[in-house]
Amino acid sequence: MPGKTNISARQFMILVLLFSVGTILLHTSSPLAGFAKQDAWLAAILGTVGGLLNVGLFLAVGRLFPHLTLDRVNEKVFGKWLGKLINFCFFFWAFTSSSFIIFFVGDFIKTFWEPETPIAALNILFGAVVILAARLGVETFARSAELLFIPFIILIVALIIFIAPQAQIHYIQPVLENGIRPVIQASLLYLSLFSVASVIFLMIFPSSVSQSKTAGKAFYMGILFGGILLIIVILLNLLVLGPDLVTRNIAPSYALAKKINIGDFLTRLEAIIAFNWIITTYFRGVIYFHCSLVVFANLFEIKDARPFSLPLGMLMIVLSLIAFPNTQAVGHFIKHIWLFYGSTFGLLLPFVLLCTSKIRSLFGVPKHN
């Protein structure tokens, strides 16, 4: 993208929070309960702690070349050709992840709201908004995140307050009935969905964050606050619906919001959770697609990637229509494949990058900024 872009540390924190919550808010309680049953909330706590540790790894990578994006750092550390090969794989991961987001939103709207509407039409409509935001750049969608963050917080707090009186403690008892192993399995799944994908922010942090001294703290705060919100929502799902119903429901948080009943006047407020989920998932998709555009431009030394936003966006929408044949395939992908797919870039890549940089410095290879 042409020109120097800068966002504030506060905007960066909001983007991290919304990204980390996106897609997880609505669906993830179900696979977590599938592994850990009534202990799914413990898995969320462990996964959030792991996410904070993960941020430490990302910050260490960000300090290697503070003025470069992750793809440029790859070329600096691994060399031009190996770096470009890694960057192509990174582009493919970010690009396919953005198409998965388009599918999730289209599938949700078709399933719960518009069963008669072809999913292609829904994917095109949502994809068009994602393409437009990515084309306008990080400063624009960071400002829109600031505006939407206030209603997001108000609605999520309202959901918690309205549904909390229906909580029944016996649904999460006994604790650790099946031992610690299922909790660890569930926490790894949660970690892969919650924070591993946040490696994408190394395309923005610290090179495009103006307040570099507080940007690292903002990264931690975004992950921490996002984790706390998810822990509360997952715990409420278990306390109100029970682990069996949570496991069987493809969108337990949506079912949770349906149970709100305030004096037989305020009822079925599932729009609260649906609005919040679409907002957070939208920003997750925008960030994936924006960063894939930047990596694509750098791969081919293109100064301005914006003309490619439409053709790549069209490919993204087409991929969203063929990526998953049905909702069951999505569940299989999330439970059995995403952990390894996401961790390759969110854990393995930054770890190898950091180790290679340290080895190069030990052997006296000069570091050029």
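This is a predicted model: local features need pLDDT of at least 70, side-chain atom pairs count only at pLDDT 80 or more; totals for chains, interfaces and linings use all residues.

Analyst: A cavity here is a set of grid points where a 1.4 Å probe fits but cannot get out, and its volume is the space filled by probe spheres set on those points.

User: What makes a residue part of the lining of the largest cavity, and which residues are they?
Analyst: A lining residue must have an atom within 4 Å of a cavity point, and the residues that line the largest cavity are Val61, Gly62, Phe65, Leu68, Thr69, Leu70, Val73, Leu202, Phe205 and Pro206. The elements that give two or more residues to this lining are α4 (40–62) and α5 (70–78).

User: How many of the lining residues are nonpolar, polar and charged?
Analyst: The lining divides into eight nonpolar residues, two polar and no charged, with Gly counted as polar under the scheme used.

User: Why does the radius of gyration of the protein chain agree with that of a compact globule?
Analyst: For 369 residues a compact globule would have a radius of gyration near 21 Å, and the protein chain has 20 Å, so the value agrees with the rule. Along its principal axes, the C-alpha trace spans about 65 × 45 × 35 Å.

User: What percentage of the protein chain is buried?
Analyst: Buried means under 20% relative accessible area, and residues of this kind make up 55% of the 369 in the protein chain.

Note on methods. Residues are numbered from 1 along each chain as its sequence is written. Side-chain values use heavy atoms; hydrogens and water are left out. On a 1 Å grid over the protein atoms alone, a cavity is a set of points where a 1.4 Å probe fits but cannot get out, and a pocket is an open set with protein on both sides within 12 Å along at least five of seven lines; lining residues have an atom within 4 Å of a point. Helices (H or I, at least four residues) and strands (E, at least two) are DSSP runs, numbered from the N terminus. The radius of gyration is taken over C-alpha atoms; the globule rule is 2.2 Å times the number of residues to the power 0.38. Buried means under 20% relative accessible area, exposed over 50%, partly exposed in between (1.4 Å probe, protein chains only).
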